[in-house]
Amino acid sequence: MRVALAAAVRDLPRAAGLAYEPKFDGHRLVVVRSAAEVSLQARSGRIVTSAFPDLATAALELPAGTVLDGEVVVWHAGRTDFALVQRRAAATAARAAVLAQSLPASYAAFDVLELAGLDVRARPYERRRALLVDLLLPLGPPLQPVPMTTDPELAATWYETLPASGIEGLVVKRLDQAYPAGRRGWQKLRHTDVRDAAVVGYTGTPRRPLALVLVLPVGDETPLVSSPLTAALRREVAEAVAARGAAEPRATGADAGTAIGTVTAIGLGEVPYRPLDPPLTAEVRHTSARHPPPEVLRLRTDL
């Protein structure tokens, strides 16, 4: 199931016929309720049902032939917590059952793609939204439709006030728009100092990464070196590299030989790095294209 994507914008779009939704800070998840079971699919296409048994059980209440698109989140201390979603996503099946009790997941649904076996993706968003609300409101948590408004002033208020609850920004859709599967047919407005960047490599070794080599979504696409990674991020990057089958060279000479790229680092000059293909994605904070170095907040890995 190819999901719809969103293109980043710098300012809040204001026009007739637009809908605004909060952008939740979680993992993209497609819920498929067949006649016999529930399947949970990550954006990557991987089936992750075992990681969220609480959502799979709740989704059994959906009518057969239902497909939903949305975001899985974990609420903690009054806000969504991305690190806890990552923890849920990485759990083994046995551990997932325990975490479902201590860190229950919620599903913020923002679209319905199929209902009672009927593909509704070609219908306008306004109609799909009505179908989604009618479907989920009688069920209640943990399956809930995301809030939506057509009032740009209320959307602007959401944008300014909801980050305290872990909301990243807004997603903007046309009311007359079909579901843009596999395309960047929606728009997303995130807070200006935070961006998703492509991780095209890293410095250091596979087991001891020091910084990431990034291509930012603004500028001339010249790779930049991030500020030094925290210990937690070093572990995350090492795990992501290991999951791709990379192994750390045993000797210094071999180690140096695997760093086949060089990049300019602020204050360090040219430094060697190991490329990643395909790239990972990281959420970074930066105030300009080059100064100071981008700060990596977290990896945004698929489930």
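The points below take up the salt bridges in turn.

1. The model is a predicted one, and a search of the whole structure finds 13 salt bridges. The points that follow cover some of them.

2. Lys-173 and Glu-21 form a salt bridge, with their closest N and O atoms 3.0 Å apart. Lys-173 and Glu-21 are both buried.

3. A salt bridge also joins Arg-298 to Asp-25, and here the closest N and O atoms are 2.4 Å apart. Arg-298 lies in strand S17 (residues 295-299), whereas Asp-25 sits in the loop between S2 and strand S3 (27-33), so that the pair, 273 residues apart, again links distant parts of the chain. Both partners, Arg-298 and Asp-25, are buried.

4. Is Asp-176 buried or exposed? Asp-176 counts as exposed because its relative accessibility is 56%, and the cut-off for that class is over 50%. Its side chain meets that of Arg-174 in a salt bridge, at 3.0 Å from N to O. Arg-174, for its part, counts as partly exposed because its relative accessibility is 42%, a class that falls between the cut-offs of under 20% for buried and over 50% for exposed.

Key. Residues are numbered from 1 along each chain as its sequence is written. This is a predicted model: local features need pLDDT of at least 70, side-chain atom pairs count only at pLDDT 80 or more; totals for chains, interfaces and linings use all residues. Side-chain values use heavy atoms; hydrogens and water are left out. A salt bridge is a side-chain nitrogen of Lys or Arg within 4 Å of a carboxyl oxygen of Asp or Glu. Buried means under 20% relative accessible area, exposed over 50%, partly exposed in between (1.4 Å probe, protein chains only). Helices (H or I, at least four residues) and strands (E, at least two) are DSSP runs, numbered from the N terminus.
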